Amino acid sequence: MASASLTRTPGSTGNRKTWTLSVWLKRSNISSRQYILRQISGGDYLDFQFQSNDTIQIFSYSGSTLLHLDTNRVFRDTNAWYHFLIECDTTQATASNRCKFYINGVQETSFSTETYPSQNTDLPFNNTNPIYIGTATSSLYFDGEMAHFNFTDGTAYPASTFGETDSTTGIWKPKTSPSVTYGTNGFFLKFDNSGNMGLDSGGGSNNFTTSGTILQYKDTPSNNMPQLNVNDKYAGSVTNAGRTMTNENNASTGVMSTLAVDTGKWYWEAKVKDTATDTFNVGMRKTGLDNYDVSGWSYATGAFVYAVDGYIYKDGSQSTNTGATAAVGDIIGFIVDLDAGTVKLQKNGSNIYSGNAVVTGLNTGDFWHVVQGASQASVDFNFGDGYFGTTPITSAGSNGNGLLFEYDVPSGHFGISTKNMAGNS
């Protein structure tokens, strides 16, 4: 969301003792304060946020501290969807039962600060003050993606109400239609209406107003997709929920994707964004390279890139001259066949190098990440979400298998996602 948020001011006060908040989140940037939710008026508020050390804080104040939970655990994985749930019921006799925090279905019990409300406390939440999702009013924005944001007014539910363990993968996954009572102020933000991302699907018409641009991605907890990994980045800035690598001060930048593939046939697109195209280098690298310097990402053994001059650089040296250079606005399509160990390229939908493989000899069984390396250019990646930066693709290609690319996906190839990986392993 980065600089976007949702707001709503309830028309009446609901149950301030008993309620549930449930949300799925995927982070794109870390190590900064980022708000998930805040309800505030003056000195009365409830905060739910990532702190700058990447822990979670749940904090409520009204004249004095009523609730304060700081996790010992940190949340720096930009590859994963997290399910967070706060179950609040201050009528409980046992203090630690008055506010429970669940992470991916498991109750968190390790806190560096642990203060619970007194019994029967009315917390300064679920009142008529403004609710902000994804911001602390107009700053400290959440940077990442959200899915299935539920609030139930008057009922405290455990995490198992909103999620379950997949019997095949063992991964915690959403229940897409939870059986709950939403109450007066309850809401269910599915984010499934691209024209109205604040639409309440809980039945109470408790809709939110959007501020800024909130994009509807194909990346979901049920079908996880790659993004650029800020935990494996050299210089530059990762923006647009992990879809854009932005050059800074004409310095070399580099980053790799979160998800990696070891077999199968894959497709993605990269768009040259700015004028520093003399060092546009995009390709793939193996997991576990010893040299994590940006130059190593492009030119070390176990990596290849397509460069703006039309050359392929592979395993430390210049190899194939494709004869096709790239300019600002050009979209390069990568057609990767890890079963055959080959890579073909397209520029703006047309084959490069007469449709022949520009890279051969990639080892099946090695895990390969998408990479931008040793590049002074800024690049917008489309892994199948249908955007270059914040701009929608202009003409969706065919054979996207549920994902959206600018150009046709070659037969037998797929966008990288957990569902497609499960079907092509």
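Which residues line the largest cavity? I began there, after noting the ground rules. The model is predicted, with local features needing pLDDT of at least 70, side-chain atom pairs counting only at pLDDT 80 or more, and totals for chains, interfaces and linings using all residues. Residues are numbered from 1 along each chain as its sequence is written, and side-chain values use heavy atoms, with hydrogens and water left out.

**Entry: cavity**

I searched the whole structure and found 1 cavity of 30 Å³ or more. A cavity here is a set of points, on a 1 Å grid over the protein atoms alone, where a 1.4 Å probe fits but cannot get out; lining residues have an atom within 4 Å of a point. Grid points are joined across faces, edges and corners, and a volume is the space filled by probe spheres set on the points. The largest cavity has a volume of about 30 Å³. Its lining consists of Ser22, Trp24, His148, Asn150, Phe162, Lys175 and Pro178. Strand S2 (18-27) and strand S12 (144-153) are the elements that give two or more residues to this lining; strands are DSSP runs (E, at least two residues), numbered from the N terminus. By class I recorded 3 nonpolar, 3 polar and 1 charged residue in the lining. For these classes, Ala, Val, Leu, Ile, Met, Phe, Trp, Tyr, Cys and Pro are nonpolar, Asp, Glu, Lys and Arg are charged, and the others, Gly among them, are polar.

**Entry: Thr90**

I looked up Thr90 in the loop between strand S7 (82-89) and strand S8 (99-103). Thr90 counts as buried because its relative accessibility is 0% (buried means under 20% relative accessible area, with a 1.4 Å probe and protein chains only). Leaving out residues up to four places away in sequence, I listed its contacts (heavy atoms within 4.5 Å): Lys17, Arg98, Pro117, Ser118, Gln119, Asn120, Thr121 and Leu123.

**Entry: open sheet**

I traced 7 strands in an open antiparallel sheet, ordered S17-S20-S29-S22-S23-S24-S25. Strands pair if DSSP finds at least two bridges between them. Strand S17 (228-234) and strand S25 (317-321) are at the edges with a single partner strand each, so one side of each has no neighbour in the sheet. On average, neighbouring strands of this sheet are turned by 25° against each other, direction ignored (axes are lines fitted to C-alpha atoms).

Within the sheet I checked S22 (residues 281-286) and S23 (residues 303-307), which pair in the antiparallel sense over 5 bridges. Met284 stands opposite Phe304 in S23.

**Entry: Asn281**

Asn281 is in strand S22 and counts as buried, at 3% relative accessibility. I also took its C-alpha to C-alpha distance to Val379: Asn281 and Val379 are 9.4 Å apart in space and 98 residues apart in sequence.

Key: On a 1 Å grid over the protein atoms alone, a cavity is a set of points where a 1.4 Å probe fits but cannot get out, and a pocket is an open set with protein on both sides within 12 Å along at least five of seven lines; lining residues have an atom within 4 Å of a point. Helices (H or I, at least four residues) and strands (E, at least two) are DSSP runs, numbered from the N terminus. Buried means under 20% relative accessible area, exposed over 50%, partly exposed in between (1.4 Å probe, protein chains only). Axes are lines fitted to C-alpha atoms, for helices over the stretch in contact, and angles run from 0 to 180 degrees between N-to-C directions.
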